[in-house]
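Welcome! Here is a short briefing on the salt bridges of one model, with the sequence and structure shown first.

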Amino acid sequence: MACVSIFVGTVFGKAEDVAEVVKNELSDKGHSPKLFMPGSIKDFIEAEAILICTSTTGCGDIPAELEEIFYQLKEQFPLLTSKKFGVISLGDSSYGDTFCGSGVKFDALLEELTAFRSASLLKIDACETAEPEKWALEWLPGFYNNL
């Protein structure tokens, strides 16, 4: 089973709620999850498997907890070839092109850093559900079955 480092960026706490539910489910399935809020680039580079759980702020911006790690990764550009990753992104589709922008940015950056995508980016729309945890739990087996 895998050690999964979950990096959380939240605005109003919903992404943290989702991350907690996901952490518990991963643990129930025999994995070893660990939450980082915010964590460091060192935590990121040392992770066996990476799961980003983020909401989006402003015009597709990354929440403060994850912003520094994102820009450090862009600047230092560590190749993450041996890392597997997934991204759960919360947003509001009424924002149009910036919907789930934080998750989209992280997904693209991790791909650029040559990490292996274990599951496609999950975009959870606040306009469609008040229970993003349910969507995350439905998506999760596709992530952990590819670790």
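A salt bridge here is a side-chain nitrogen of Lys or Arg within 4 Å of a carboxyl oxygen of Asp or Glu. By this rule, the count comes to 5 salt bridges. Please keep in mind that this is a predicted model, where local features need pLDDT of at least 70, side-chain atom pairs count only at pLDDT 80 or more, and totals for chains, interfaces and linings use all residues. Residues are numbered from 1 along each chain as its sequence is written, and side-chain values use heavy atoms, with hydrogens and water left out.

**The Asp107, Glu111 and Arg117 network**

- A network of salt bridges links Asp107, Glu111 and Arg117.
- Arg117 pairs with Asp107, with 2.8 Å between the closest N and O atoms.
- Because Arg117 lies in strand β5 (residues 116-117) and Asp107 in helix α4 (residues 101-112), the pair ties together parts that are 10 residues apart in sequence; helices (H or I, at least four residues) and strands (E, at least two) are DSSP runs, numbered from the N terminus.
- Arg117 also meets Glu111 in a salt bridge, at 3.4 Å from N to O.

**How accessible the network residues are**

- Buried means under 20% relative accessible area, exposed over 50%, and partly exposed in between (1.4 Å probe, protein chains only).
- Asp107 is buried, at 10%.
- Arg117 is partly exposed at 27%, and Glu111 is partly exposed at 47%.

**The Lys29 and Glu25 pair**

- The side chains of Lys29 and Glu25 form a salt bridge of 3.9 Å, N to O.
- Lys29 is partly exposed, with a relative accessible area of 40%, and Glu25 counts as partly exposed at 24%.
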